[in-house]
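Hi everyone, thanks for coming.

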Amino acid sequence: MPSGKQSVPVDFLVLHNARMTVRVASKGGAVVDGKTSDGRFFLRPYIGTEQELTVQRAACFPLVPIGNRVAGNGFHFTGRRRSFVPNTQESLYLHGDGWLGDWNVLEASVEAVTMAFSRKADENSPYAYRATQTIRLTGATLDMQLSITNSGDEILPFGMGFHPFFPRTPKTALKASAVRWWTEAPSHLPHTLEAPPEDMVFARSTPLPDRWINNAFEGWDGKATIAWPEHNLSLSVEATEVFARFMLFAPDTDRSFFCFEPMSHTPNALASVETDPMGLALLAPGEEISGRLLLTILDGSEVP
């Protein structure tokens, strides 16, 4: 006979309406997956086990109080060095704390959930803050709102973003206008800001290049569209002004997904915060920043 404690399925919150079903977890404040009412996934299907949520395998998580990697695991600000302890198996601190923490559910209904995450400054990170996230279904739109309040006792630079994973098919196409992009350094940090190469210009609906992609794009207008012709499905992406740039990630070892990540700041912006914040918000105690991401299901695969 089996012995010992048996694992039980994770208790996901299931949001649904006539157009879609979205599963949400308090762990990491994550959206687990999302699909249309007829079963077509517009967010990556969850590829982990039901017994224990693996946030990295979910469909979306919030980036607070910073997104992407931090060079040297620290930064200088107001005459002092502030340090991070790496929070994954990688050598650099990655994506902040919210995606690795447990969020408290404040309100929940059939179509919406509001969660909050708080932390105090400690040896792992200099940041003390409270983040609040509301995930709501409104007709054909998945509406995600995120805010961060500085709950510490000093001014610090804050950033935020969303890290959605989308299904990738051979004909997946992206439309997203941007002015410039950052080349990638071997450390996966941004290297040089320049005009993007021809195959990385998405002003018109364009298939994703069949190669490794891990680049930040600047000068985004907050609008994008993703099309999956094989599934007769498209998705409109709309973000508020705070998200003036995005990360595009598509690994060459797994072509089943890609990431389109609206961000308030350039990756590794902490390295230059005293001369150029690159989108980081300098928040005094009690001040906040907020942003919103709307994902709207479009019938048909034609990108407007």
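Predicted model: local features only at pLDDT ≥ 70, side-chain atom pairs only at ≥ 80, totals over all residues.

Let's begin inside. The largest cavity has a lining made up of Asn68, Trp182, Thr183, Glu184, His188, Leu189, Pro190, Asn214, Asn215, Ala216, Met247 and Pro267. Two elements each give two or more residues to that lining: strand 15 (180-184) and strand 18 (213-218).

Residues are numbered from 1 along each chain as its sequence is written, and side-chain values use heavy atoms, with hydrogens and water left out.

Now, what do I mean by a cavity? On a 1 Å grid over the protein atoms alone, a cavity is a set of points where a 1.4 Å probe fits but cannot get out, and lining residues have an atom within 4 Å of a point. A volume is the space filled by probe spheres set on the points, with grid points joined across faces, edges and corners.

With that in hand, the structure holds 2 cavities of 30 Å³ or more. The largest cavity contains about 60 Å³ of space. Its lining comprises 6 nonpolar, 5 polar and 1 charged residues. For those classes, Ala, Val, Leu, Ile, Met, Phe, Trp, Tyr, Cys and Pro are nonpolar, Asp, Glu, Lys and Arg are charged, and the others, Gly among them, are polar.

The second largest cavity has about 30 Å³ of space. Ile66, Gly67, Arg69, Val70, His265, Thr266, Asn268, Ala269 and Leu270 line this one, and they divide into 4 nonpolar, 4 polar and 1 charged.

And what about the largest pocket, how many residues line it? There are 19, and Gln56, Arg69, Glu90, Leu94 and His95 lie nearest its centre. A pocket, unlike a cavity, is an open set, with protein on both sides within 12 Å along at least five of seven lines. The volume of this largest pocket is about 520 Å³. Strand 21 (245-250) and strand 22 (257-263) are the elements that give two or more residues to its lining. By class, that lining has 8 nonpolar, 8 polar and 3 charged residues.

Let's move to strands 2 and 3. They pair in the antiparallel sense over 5 bridges; for strands to count as paired, DSSP has to find at least two bridges between them. Their hairpin has 6 residues between the strands, and Gly28 there takes a positive phi near 70°.

Arg23 sits in strand 2 (residues 20-24), and its bridge partner in strand 3 is Asp33. The two side chains also make a polar contact at 2.8 Å, meaning a pair of N or O atoms within 3.5 Å; within protein, one must be able to donate a hydrogen and the other to accept it, and residues adjacent in sequence count only if both atoms are side-chain atoms.

Is Arg23 buried or exposed? Arg23 counts as buried because its relative accessibility is 19%, and the cut-off for buried is under 20% relative accessible area, with exposed over 50% and partly exposed in between (1.4 Å probe, protein chains only).

Strand 3 itself is mostly covered, with 5 of its 6 residues buried. Thr36 belongs to this strand (residues 31-36), and Thr36 is buried at a relative accessible area of 4%. Its side chain is joined to that of Asp38 by a polar contact of 2.3 Å. Setting aside neighbours within four places in sequence, the contacts of Thr36 (heavy atoms within 4.5 Å) are Arg19, Met20, Phe42, Leu233 and Ile297.

Thr149 lies in strand 10 (residues 141-150) and is partly exposed, at 22%. Pro167 is 18 residues from Thr149 along the chain, and their C-alpha atoms are separated by 33 Å.

Then there is Arg136, in strand 9 (residues 129-138), partly exposed at 36% relative accessibility. Arg136 and Leu15 are 121 residues apart along the chain, with 8.0 Å between their C-alpha atoms.

Technical notes
Helix = DSSP H or I, 4+ residues; strand = E, 2+ residues; numbered from the N terminus.
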